[in-house]
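Hello,

Here is the structure I promised to hand over. My notes follow below it.

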Amino acid sequence: MTLKARTLLLVAVLVLFAVAATAILLTLNSRDSLLDETRHDGERLAGVVAESAAYSDRAWRDVEAAIGKQMVVQAATAAEFVAAAERSSMSPGEISARLREVTRRTTIDEFWITDPAGRAYIHSEPGIEFTFSPDPRAQRQASAFFPLLTGERSTVIQRAQRREVDDRVFKYAGVAGVDQPRIVQVGYEAKYLAGLRRQVGLVQLVDQTADAPGVVAVRVVNHRLGTRVFRTGSREGEDSSGGQDSALSDPESAALRDAERSGDPQSFEQDEVLTVVAPIRAERGGEVIGGVLVALSTAHVQSELREDTLLALGIAAAVLALALLAALLGARRVTRPVGELTAAAISVEGGSYAPGSLDRIAEREDEIGRLAKVFDRMARQVREREERMQRQIKELSVQIDEGKRRRQVKEITETDYFRDLQRRAKELRERPRPDDD
């Protein structure tokens, strides 16, 4: 693998590692931030419901109590009227007719006046015979007024509730008679109270909370973990304002107990649902009297995480492309001079190096430029050294050849054969020529 390829591979691996690590950290931080934001929103929402639940029921109950007091005044007035009417010899029918006229002109819906035995002989409902019983098993609602006959109580105010006879919601209040033992009772159909309870009561509050975006369900429980109100909400765009109550799960029960013990909100995540539990404190004393569970969908967290992940992948691809481009350019700037230095080294080895061939690289101010300068200087020195060695070798060769020739001549001249030749030659030179005679 070439240096250029190794450089690109190294840069790609490092960039991928850095981008992947950064993307993972950002994704984890983003998820934690989104969950914390959802948890804080849930805690605020559950806290509002918990604080409102502490006095929401009390608001309409205070109104009901005020209405009850006013009904006592109306019953007392009716008792005085009946006593006065009977003293003036008005018949029960005439008195009943007058009372029916009052119900048509006022908010009072019923009058019931009894004799000492508890039989309602004067009333505003024609054609009905009714006798109050002291037995709660026989008359769960009406038996509460029987103590007015016995003198045990002078006033009875009953909470609005469904009647036994027709399932309509009525509120009753009564007083004892002023002229004889009797029950003087007035009745009020609690349409206004029911509407007020729906508007400002806990049910309406939970309904409005359940309709908030992202709310899966809202539950209000008492201190025994019994459900008082339960509503399902919208989840991922699905409208489900109503809903069937379900038993508390083990995590919900555990979170409620933890909230009751600590007095602080608790939360847990399960199946893309974040449940926040807030304790309900009494207005007086501050003791925990119940809890609120708000289940919030975390689907938006996953959706935003997917979007963030896609964005991170896009950024990673762009960064990787830029990094590879930069690495390619950087690799060319590094590997090209290295390649030229390698070629120069090969030429030095082959003895064909041309001095000055690295001048362009030597102009660089970095390490490669300094390396090229040093290499060129070394190559010149190597060439000069080789040329000097060649001259010395040539001179040495000449000296060696001359010495060898001398040794060979000496060896020849010192032989007996050569001396014999010299002697014969001398004799020949000394012998007289025929022309000399």
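Ser96 touches Tyr121, Ile122 and His123, leaving out residues up to four places away in sequence; contact means heavy atoms within 4.5 Å. The model is predicted: local features need pLDDT of at least 70, side-chain atom pairs count only at pLDDT 80 or more, and totals for chains, interfaces and linings use all residues. Residues are numbered from 1 along each chain as its sequence is written, and side-chain values use heavy atoms, with hydrogens and water left out.

Ser96 sits in helix α2, residues 92-105 (helices are DSSP runs of H or I, at least four residues; strands are runs of E, at least two; both are numbered from the N terminus). Ser96 counts as buried because its relative accessibility is 7% (buried is under 20% relative accessible area, exposed over 50%, partly exposed in between, with a 1.4 Å probe and protein chains only). Phe111 is 15 residues away along the chain, and its C-alpha atom is 8.4 Å from that of Ser96.

Ser133 lies in the loop between β3 (130-131) and α3 (147-150). At 17% relative accessibility, Ser133 is also buried. Ser133 contacts Ala138, Gln139, Ser143 and Phe146, setting aside neighbours within four places in sequence.

Best wishes
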